Amino acid sequence: MEGALTNKMGMVFLLWLFAMAFVVQAEDPYLFHEWKVTYGKLSPLGVAKDVILINGKFPGPTINGTSNNNVVVNVFNELDEPLLFHWNGIQQRKNSWQDGMPGTTCPILPGTNYTYHFQVKDQIGTHFYFPSTSLHRSAGGYGALTVHSRELIPVPFDWPADEFYIFLSDWYNKGHRDLKKTLDDGHTIARPNGLVINAKHGEVGDKMEPLATLEAGKTYRFRVCNVGMRTSMNFRFQGHSMVLVEVEGSHVVQNDYDSLDLHTGQCLSVLVTADQDPKDYYLVATSRFLKNQLSTVGLIKYANGKGAAAAELPPPPPDGTEGIAWSINQFRSFRWNLTASAARPNPQGSYHYGEIEITRTLKLVNTKSEEGGKLRYAINGVSHTDPDTPLKLIEYFELKDNKEASFKYDLMPDQPTGDTSKVILAPNVKNATFRNFVEIIFENHEKVIQSYHINGYSFFAVGIEPGKWSPEKRKNYNLVDAINRHNIQVYPNCWAAVMTTLDNAGMWNVRSEMWERFYLGQQFYFSVLSPERSLRDEYNIPDNQLLCGAVKGKPLPKPYTI
């Protein structure tokens, strides 16, 4: 009997050891970064201003990971203002605590540090990070965030010889403090002074460092993001075509393009083959849908090439009404590659989203107005304001009766009301039902293009058309192979429709990626609560979470359990 018990205990111990070994081996790899955030001076258009450097670099260091990696970034804020970083395109599954938006996270105060810890769970793609506080985005602080497919997951193209990040941005000669004061005083920051590529402006004939050096006959991947404040852009490679292979984490049907439109907050990947005479060439970027077109160039070199880049640049696509039609047609040519393998947070229904019943439709109309003599932007009559205590913390600590730290859900209706002249300035939070499949219509009645981003999710971009949306427009949706992405443009006097499943519990920002509009209220938050209050659906507040405002010094609520 004793021997049998000993053997049984020994077996239990061996099983425990096996389980522990499995847990250790099963944990995904970690990427550790330590960032020192400081100011520097830069003058790409001849006027020096403060820019935000990370470890002395602008653009900042690359976070180069693989699907399911854990990313740990210890940020030391050596600026003179509070700071947050947002991880654009990273879905932060069950973890809006790490999203780095003013509505979810207390800022990192000057002279202090905070460690972000998140997992790039079940996703791949070309993304970027940037400072989400104030007007810091205009001063830089952005950088590359790449998520590769795991080695066992094939990609639908041959591995390139190398890859390069290209950051397209508009540029203001005014510093971020002056831009913020302009908005706080109730005025627009107006149009930018110029364009930059990787924080540098170039003109034909300028002496410049190459963005990339290519070897003849080889193919390269260029990951391109529009990290600007407001300007849509078109980019093209002199003498070379591009093969589009990925848009915001989705492999796409591979088509050739001479030029591509890229709107604020969007990223994509193209393959370029060095199949021309070995010499220098220009990468050209021009503004879209501005009255006075802006442009810049960057240099692409061939190794051992001889000869300067030609002065004649490839022409931009048409502008105006014709240009909008051109751009819409290009959007419609982007199709999801249904045969490609890739990480997906929601495999169930990924290919059959067109057959899922819509449980809720939100039609969102953006407006521009003046409130108290000051410029504001709104969605369905509500212009968002950030309380001193982040919305996520107010909700988590259940501060319902705190007059200084509370908000009302659903001030913004699901459909616009007839009178758009009356605007409410308040925290804008929409209650959402966990795991509902929703349809969101962005409708733009203004004369300027819009660009929207949804945090915490990817969505199916099923349609863009001129005019106003109505239910019968659904018959024109792409319900088969629309790209699964997180950013969508809305052309002047047009609408765009997206569909998604709200299966990621947390507090998630839906915003204009045009930062003047974001700062002055064209945004809201989805509050997606799991009724189970379970760790299966959402992580507990991190031990190192910064607490501020009305929750500073308060004891933590009872944690979630499985």
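**Exercise 1. A cysteine to begin with**

Is C494 buried or exposed in this structure?

*Solution.* The model is a predicted one, and the step needed here is to compare a relative accessibility with a cut-off. Buried means under 20% relative accessible area. C494 has a relative accessibility of 2%, and therefore counts as buried.

**Exercise 2. The disulfides**

Find how many disulfides there are, which cysteines they join, and where in the chain the partners lie.

*Solution.* Begin with the kind of bond in question: a disulfide is a covalent bond between the sulfur atoms of two cysteines. The count comes to two disulfides.

Step 1. The angle about the S-S bond is -85°, and the link of C106 and C548 is left-handed. Both C106 and C548 are buried.

Step 2. The other disulfide is formed by C225 and C267, whose sulfur atoms lie 2.1 Å apart. Here too distant parts of the chain are linked, with C225 in strand β12 (residues 219–226) and C267 in strand β18 (residues 267–273), 42 residues apart. The link of C225 and C267 is right-handed, with 110° about the S-S bond. C225 has a relative accessible area of 0% and is buried, and C267, at 3% relative accessibility, counts as buried.

Step 3. When the bonded cysteines are counted along the chain, the disulfides follow the pattern 1-4, 2-3.

**Exercise 3. An open sheet and its edges**

Work out the order of the strands in the open sheet that contains β30, and state which strands stand at the edges.

*Solution.* Step 1. The sheet is formed by five strands in the order β25-β33-β32-β27-β30, and the pairing is mixed.

Step 1. β25 (429–433) and β30 have a single partner strand each and stand at the edges, so one side of each is left without a neighbour in the sheet. On average, and with direction ignored, neighbouring strands of this sheet are turned by 20° against each other.

Step 2. For the partner of β30, look to β27: these two strands pair in the antiparallel sense over four bridges. Within this pairing, H453 stands opposite N487 in β30.

**Exercise 4. Aromatic pairs**

Classify the ring pair of F442 and Y452 and that of F524 and F526 from their geometry.

*Solution.* A pair of aromatic rings is described by the distance of the centres and the angle of the planes. The count of aromatic pairs comes to 33.

Step 1. The ring centres of F442 and Y452 are 4.3 Å apart and the planes stand at 20°, so the pair is stacked. F442 lies in strand β26 and Y452 in strand β27, so the pair ties together parts that are ten residues apart in sequence. F442 counts as buried at 2% relative accessibility, and Y452 counts as buried at 1%.

Step 2. The rings of F524 and F526 have centres 5.3 Å apart and planes at 80°, so this pair is edge-to-face. F524 is buried, with a relative accessible area of 1%, and F526 counts as buried at 2% relative accessibility.

Step 3. Elsewhere, ring pairs link W35, F85, W87, Y114, Y116, F118 and Y129 into a cluster.

Key:
Residues numbered from 1 in each chain as written. Predicted model: local features only at pLDDT ≥ 70, side-chain atom pairs only at ≥ 80, totals over all residues. Heavy atoms only, no water. Disulfide = S-S within 2.5 Å. Buried < 20%, exposed > 50% of the residue type's maximum accessible area, 1.4 Å probe, protein only. Pairing = 2+ DSSP bridges. Axes fitted to C-alpha atoms, helices over the stretch in contact; angles between N-to-C directions. Phe/Tyr/Trp six-rings, centres within 6.5 Å; stacked < 30°, edge-to-face > 60°.
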